[in-house]
Amino acid sequence: MIPEMPSLRRSFSWMLVGNILYAACLWGIVSLLTKLGSPEALGRYALATAVATPLIIFANLQLRPILATDCEDQYAFSEYLALRLICLPAALLVVALISICLYSGAQLAAILLFACLRVLDGLSDIVHGYVQRYERLDIMATSLALKGIGSLALFTALFLLTGELLPALAGQAAAGGLVFLVWDLPRIKGVMKTATGTVSLKPHWNMGRLRTLAWTSLPLGLAMLFIQLRNTIPRMILENERGEAELGLFAAMAYLIIIGNTVVMALSQSSLARLARAYAVDDAQSFLGVVKKLISVGAVLGAGGLLVALLGGEKLLTLIYTEDYARQGGVFIIIMLAGGLYYVGTMLGPAATASGAYREQLAIQGAHALVLLVLGFLLIPAHGMLGAAWTMVAGALLVTASYGVVTWRAVRRMKARSAT
């Protein structure tokens, strides 16, 4: 028996609350480092994020949205889990080898700790994919909230106790592992009891099917790798050219994009399964109706963030950080412009995924990474943070326009199929 699906409004409400709490807690960590740490400490934290995240996220192969939209049960949950358990340790090893070649000392230790944190997030992520299929986003949202609160609490306690970044990062990773064990695993068992057919938490090691699943999900995994390079490329170039202190200033301002992104992610995640069902039955009207709502919300959020930066950006940066950050008000405006454009592009992502446009997304994000790389090396050495901000704007324009084309083509296909 398939459980009854909750309303889109209820799903969105849960994800909005969960994402807000999670993002607020992660911002709390950034704020703590700006108030009690130093720009160098924040820069090291941002560098660890930038280096460790892309490969771990790539190893996830975007299995969560694929699992959530697998309406025909092409693969069992045990197969998704098995592939995740193969890829995550391999990615952790690659991150370690690359980091040992490029970094040393405290930077290396911070990168490795953050990579472990991301691996634990990947375990929760595959559980979230299954509950998302049945739109049990209350489970996913609560997990995010608990992880955010636990991360902030342990990070803060250990940072205040030791005055060092590394123990605090270890505490943040421990919080993620604890939530996975005491919340995610028990809750997925409950959802599985109401699902159709036999569902098991035991990994299924059919290597032939796992290779096929990996090949199917590879384009989305690569696309997500390129998406993560949106943060990694400008930040690594900025750190190399200007040092950890300037990277810390830039990262703190860029993190404020997350305020609008909490709503963006909540709405996009809650709409993914619904868009997939509409696409599966060629219901172009329902599909397009959801897409229009997504775009509208993204545009309003982007315009609002840009307006705040224009009218009161310096006062806001002084209030939540320090006067050192407020002196970069012009950079902050450009960052928020980039954020607004990314909001709209991100809102179009679920439509592309629901329509099976995996390879198209790979092409888009590959071009996106190339633009960031070229413009980053052209603009950042000469203009520093301002060059990094304008690099983000160019990448955001490319992504948003390209996803618009992919979504438009998906709607046309549905209309053509329904007319025959």
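## A tour of salt bridges and a buried Phe

Select Phe114 to start: Phe114 touches Tyr45, Ala48, Thr49, Ala52, Thr53 and Leu169, leaving aside residues up to four places away in sequence. Contact here means heavy atoms within 4.5 Å. This is a predicted model, where local features need pLDDT of at least 70, side-chain atom pairs count only at pLDDT 80 or more, and totals for chains, interfaces and linings use all residues. Residues are numbered from 1 along each chain as its sequence is written, and side-chain values use heavy atoms, with hydrogens and water left out.

Stay on Phe114. It sits in helix α5. Helices (H or I, at least four residues) and strands (E, at least two) are DSSP runs, numbered from the N terminus. Is Phe114 buried or exposed? Phe114 is buried, with a relative accessible area of 4%. Buried means under 20% relative accessible area, exposed over 50%, and partly exposed in between (1.4 Å probe, protein chains only).

Phe114 and Leu378 lie 264 residues apart in sequence. In space, their C-alpha atoms are 29 Å apart.

**Next stop: salt bridges**

Side chains of opposite charge can pair when their charged atoms come close. A salt bridge is a side-chain nitrogen of Lys or Arg within 4 Å of a carboxyl oxygen of Asp or Glu. How many salt bridges does a search of the whole structure find? It finds eight.

Select Glu244 and Arg44. They form a salt bridge, with the closest N and O atoms 3.3 Å apart. This pair links distant parts of the chain: Glu244 is in helix α9 (residues 244-254) and Arg44 is in helix α2 (residues 39-59), 200 residues apart. Glu244 is buried, at 10% relative accessible area. Arg44 is partly exposed, at 27%.

**Last stop: a network**

Select Arg64 and Asp125. Their side chains meet in a salt bridge, 2.8 Å from N to O. Again, distant parts of the chain are linked: Arg64 belongs to helix α3 (residues 63-68) and Asp125 to helix α5 (residues 105-133), 61 residues apart. Arg64 is buried, with a relative accessible area of 12%. Asp125 also counts as buried, at 17%.

Arg84 forms a salt bridge with Asp125, and the closest N and O atoms are 3.3 Å apart. Arg84 lies in helix α4 (residues 77-102), 41 residues from Asp125 in helix α5. Both Arg84 and Asp125 are buried.

Show Arg64, Arg84 and Asp125 together: salt bridges link them in a network.
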